[in-house]
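Please read this briefing with the sequence and the 3D structure side by side. The points are grouped by topic.

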Amino acid sequence: MSGFDRFEHEAMAHALRLAERGLYTARPNPMVGCVIVRDGEVVGEGWHPRTGEPHAEVFALRQAGERARGATAYVTLEPCAHHGRTPPCADALVEAGVARVVAAMRDPFPRVDGAGFARLQAAGIAVASGLLEGQARELNRGFLSRIERGRPWLRVKLAASLDGRTAMASGESKWITGEAARADVQRWRARSAAILTGADTVLADDPALTVRLGDETAFVPPLRVVVDTRLRSLERGRVRDGAAPTLYLHAPDAVPPAGLAAEFAAVPLRDGRVDLDAALRLLGERGLNEVQVEAGPALCGALLRAGLVDELLLYQAPLLLGDAARPLFAGLGIAAMAERRSLRLVEEARLGEDLRLLLRPLP
């Protein structure tokens, strides 16, 4: 964006890298980083680690101390102006004597949404915004989806052969991809607020749906969500093993049994099945930013048909399973080339012998 020089771009890029350190722990809060610069020197930096702990600006101001007076603060999101679990960051910046604040973007959260900028300006602090805004929005796409659209960012994870098959006709699928790809999935799970699956997957595979990073990385265990209209999958219990919380989404007239270690929530029906849009809005109300779907072709297809898939995380292995094997999505009903669904390739990476593709549906 015009008006910012190279040094300022570098300072904000550094703040964004700091913000990303909260990828596995900051939710439901946004990831935020802050860099404080005085006379061309970084004198303080910080990031928001988790809910209830100080925000990025506070950590950066502590490090800067008296050198914050007259400095410029580069922050990836508009400083908050309300009392939540922590005091307003805008007040902390005012009290520290910062002369200028550059934010990557305005915070759409209703209790902030321009109020932070207004408080800074009322105290005589110069304010600018829009520096690397695209990168800031990408980093916090889950938080922004929840605040702006009322539902989480939805990512569908699938592993497939070169001929687009996810399992044999019998359901056998271990393993399509190699160890490197399966380890990578764990990192995507760790950044997710929830892992969503369907009753058919629970009945067929009895998955645990937990994060297994195998190192000392801190993370918040994602909620396990089972879409089960008639609660027919309760006989399989690994999703209720206590390693993470579990939520069943079911029809209003389905009666959950007593004594199970899980939560239950009734969701309106559409065409005899759980209304998926209503289900996602319920998850948004619970403060969930990103949801990763790990399910079979029926549920994945239903989500895609409903226009609820924000991105597809596809691991493609160099093998063939044949036309009798199960597809990526079921029920798309594509009969002509004009009905095809186009995707935009956002990112690709090689993981051992496999290829990871991050794709997003085009309008």
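Predicted model: local features only at pLDDT ≥ 70, side-chain atom pairs only at ≥ 80, totals over all residues.

Residues are numbered from 1 along each chain as its sequence is written, and side-chain values use heavy atoms, with hydrogens and water left out.

**Strands**

- Helices (H or I, at least four residues) and strands (E, at least two) are DSSP runs, numbered from the N terminus.
- Two strands pair if DSSP finds at least two bridges between them.
- Buried means under 20% relative accessible area, exposed means over 50%, and partly exposed is in between (1.4 Å probe, protein chains only).
- In a regular strand the side chains alternate between the two faces of the sheet.
- Strand β14 (residues 290–293) is covered on both faces: Glu290 and Gln292 are buried on one side, and Val291 and Val293 are buried on the other.
- Strand β6 (residues 153–160) runs parallel to β14 and is joined to it by four bridges; leucine 154 has valine 291 of β14 as its bridge partner.
- Strand β8 (residues 194–198) also runs parallel to β14, with three bridges between them; here leucine 196 is partnered by valine 293 of β14.
- β8 also pairs with β9 in the parallel sense, over five bridges, and glycine 198 stands opposite valine 227 in β9.
- Five of the five residues of strand β9 (residues 223–227) are buried, so β9 is largely enclosed by the rest of the structure.
- Leu223, Val225 and Val227 point one way from β9, while Arg224 and Val226 point the other way.

**Ring contacts**

- Rings of Phe, Tyr and Trp (its six-membered ring) pair if their centres lie within 6.5 Å; planes under 30 degrees apart count as stacked, over 60 as edge-to-face and the rest as tilted.
- The structure holds one aromatic pair.
- The rings of tyrosine 248 and phenylalanine 264 have centres 5.1 Å apart and planes at 15 degrees, so the pair is stacked.
- Tyrosine 248 is in strand β10 (residues 246–250) and phenylalanine 264 is in strand β11 (residues 263–266), so the pair ties together parts that are 16 residues apart in sequence.
- Tyrosine 248 counts as buried at 0% relative accessibility, whereas phenylalanine 264 counts as partly exposed at 23%.

**Annotated site**

- The UniProt annotation "binding site", from an unreviewed entry, covers His55, Cys80 and Cys89; such annotations may be inferred rather than shown by experiment.
- These residues span 35 residues in sequence, yet no two of their C-alpha atoms are more than 9.2 Å apart, so they gather at one spot.
- Histidine 55 is in the loop between β2 (41–47) and α2 (56–64), and cysteine 80 is in the loop between β3 (72–75) and α3 (89–96).
- Contact means heavy atoms within 4.5 Å.
- Leaving aside neighbours within four places in sequence, histidine 55 is in contact with residues including Cys80 and Cys89.
- Cysteine 80 counts as buried at 9% relative accessibility.

**A helix residue**

- Leucine 303 is in helix α10 (residues 297–305) and counts as buried at 2% relative accessibility.
- Not counting residues up to four places away in sequence, leucine 303 touches Leu154, Leu276, Val293, Leu308 and Val309.
- Leucine 303 and valine 156 are 147 residues apart along the chain, and their C-alpha atoms are separated by 9.0 Å.
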